Amino acid sequence: MGELNLHDLNKYISDYGCNVFVETGTGTGTGLTYAIGANFKKVFSIEINTILYNNCRERFTQGNVKLINAKSVDGLKQACANIIPADTCLFWLDAHFPGADFGHGGYDDNIPHDDKYPLESEIRLILDARSNKRDVFIVDDLQIYEPDANYELKAKTEFLSKHKQKINFEELFSKTHDITRDYRHQGFIIMTPKSATEKTELSILIPSTPRRADSLCKNLIGYLTRMIESGGHANAVQLLWLGDNYTMSIGKKRNLLLSMAEGEYLAFIDDDDSVAETYFDDVLPIIRQQKPDVVTYKCVTMVDGGRKTISSYSKNYEYRETTDGNGVVQWTGKVAHTMVWRSEIAKRHKFPEKNWQEDMDWVKLANADIGTEIEIPKPLYFYRMYHKVSETR
Ligand SMILES: C[S@@+](CC[C@H](N)C(=O)[O-])C[C@H]1O[C@@H](n2cnc3c(N)ncnc32)[C@H](O)[C@@H]1O
């Protein structure tokens, strides 16, 4: 049985911004009492055993405490549906052996596996339900999952070999979280979001205008944020966008964004454009492993919803347009600012401070500095050119 009070909850609140506490396995409410004493805005606790739930329901009547009488996976579904993505949770996962710790059942009861050892299903459900990958997890009773370590309060070997469960915590968390094993008491495994101070690998730069702030730009940022969070890229990718009240030229905005970019690589995505759902999954492995000066990909342009152009980029290409039998224009040209650039090269050159064709001089100068380039031979960038909407061309 876990001892939540061995953990400084207010430190998790201040270090990671946790504002919601979620417990699986209420028991007699010892952990819950401790959690209520910390500064959470909302506290959820889930218990399968109805007698234990009813006892706690009479005692915990605070308005911000929600007790749920359910199997932990079902209760987590309910809790997660009531937590918004912007909230950050501290999950205290402590449910196993229904009722047994309190004499309402036995450790050897013949009950469904997932009711008796629900941890892996709980974790998978949470990771699926929560788009915010900044939650903290404290899992109790590590000795059930990793019985061989030197725990402070080690259970009998016979008990551990009977109830041992296999969970690959590294596979579940290592992309998004740091993992710490704590062998006090019966053992804990603690997952905290990877430090935001890790090196940014790719900065995405989005210049915008007031007219588009609430529509195109907002949609693009929402779309990219979802891709970054669901792909576990929150530490690798920095998203920067810049709008103004029409005091700056687009060239000036691009220069400011260039100076703000902290990533080893950067790419502009204009706010009326979009990228493929696989953009980060395709680009990040290349900049991590092969480290070229630029990564290029195809760009599909639709002009006024009609004419379609497929563009390919290389420092070695000259501007050329050919039309295939289906009326699709194949365009080749120098590497554009909308491809992925090593920042050190991209930052060597400034965009002219104008609103039209500001990219042309920059592209010419920057292409002359490219050494190595790698092409991803598929469309990753989508450019919709509507002359009515365009404010720059
Ligand atoms: C170790 S005790 C909880 C102690 C409590 N978390 C604390 O910190 O004081 C485990 C509790 O989990 C409950 N439990 C076991 N399996 C469960 C499941 N599948 N769903 C929900 N609760 C479960 C048990 O009935 C028991 O009350």
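Student: Which residues are buried in helix H13?
Tutor: This is a predicted model. In H13, residues 279–289, the buried ones are Tyr279, Phe280, Val283 and Ile287.

Student: How do those buried residues sit around the axis of H13?
Tutor: Look down the axis of H13. Its buried residues fall within an arc of 80°, so they line one face of the helix.

Student: Why would residues spaced like that point the same way?
Tutor: An α-helix has 3.6 residues a turn, so residues three or four places apart point the same way.

Student: And what does the face of H13 turned away from the buried side carry?
Tutor: Two exposed residues, Pro285 and Gln289.

Student: What happens just after H13?
Tutor: Lysine 291 takes a positive phi there, about 50°.

Student: New topic. Where is glycine 27?
Tutor: Glycine 27 is in the loop between strand E1 (20–24) and helix H2 (30–36).

Student: Buried or exposed?
Tutor: Buried. Glycine 27 has 21 C-beta neighbours inside 10 Å, and 20 or more is enough to count as buried.

Student: What is glycine 27 in contact with, leaving aside neighbours within four places in sequence?
Tutor: Leu52, Asp101 and Phe102.

Student: What about the ligand? Which residues come nearest?
Tutor: There are 25 residues around the ligand, and Gly25, Gly27, Thr30, Gly31 and Ser72 come nearest.

Student: How does the shell divide by residue type?
Tutor: Nine nonpolar, ten polar and six charged.

Student: Now the sheet. What is the strand order?
Tutor: The order is E3-E2-E1-E4-E5-E7-E6. The sheet is open, has seven strands and shows mixed pairing.

Student: Which strands are at the edges?
Tutor: Strand E3 (65–69) and strand E6 (177–182). Each pairs on one side only.

Student: How much are neighbouring strands turned against each other?
Tutor: By 15° on average, with direction ignored.

Student: In what sense do E1 and E4 pair?
Tutor: Parallel. E1 and strand E4 (residues 89–93) pair over five bridges. In that region, threonine 24 stands opposite leucine 93 in E4.

Student: And which strands does helix H4 touch?
Tutor: H4, residues 72–81, packs on the sheet and touches E1, E2 and E3. The direction of H4 makes about 155° with that of E2.

Key. Residues are numbered from 1 along each chain as its sequence is written. This is a predicted model: local features need pLDDT of at least 70, side-chain atom pairs count only at pLDDT 80 or more; totals for chains, interfaces and linings use all residues. A residue is buried if 20 or more other C-beta atoms lie within 10 Å of its own, exposed if 12 or fewer, and partly exposed in between; C-beta atoms are placed from the backbone. Helices (H or I, at least four residues) and strands (E, at least two) are DSSP runs, numbered from the N terminus. The arc is that of the directions from the helix axis to the C-beta atoms. Two residues are in contact if their C-beta atoms, placed from the backbone, lie within 7 Å. A residue is near a molecule or strand if its C-beta atom, placed from the backbone, lies within 6 Å of it. Ala, Val, Leu, Ile, Met, Phe, Trp, Tyr, Cys and Pro count as nonpolar, Asp, Glu, Lys and Arg as charged, and the others, Gly among them, as polar. Two strands pair if DSSP finds at least two bridges between them. Axes are lines fitted to C-alpha atoms, for helices over the stretch in contact, and angles run from 0 to 180 degrees between N-to-C directions.
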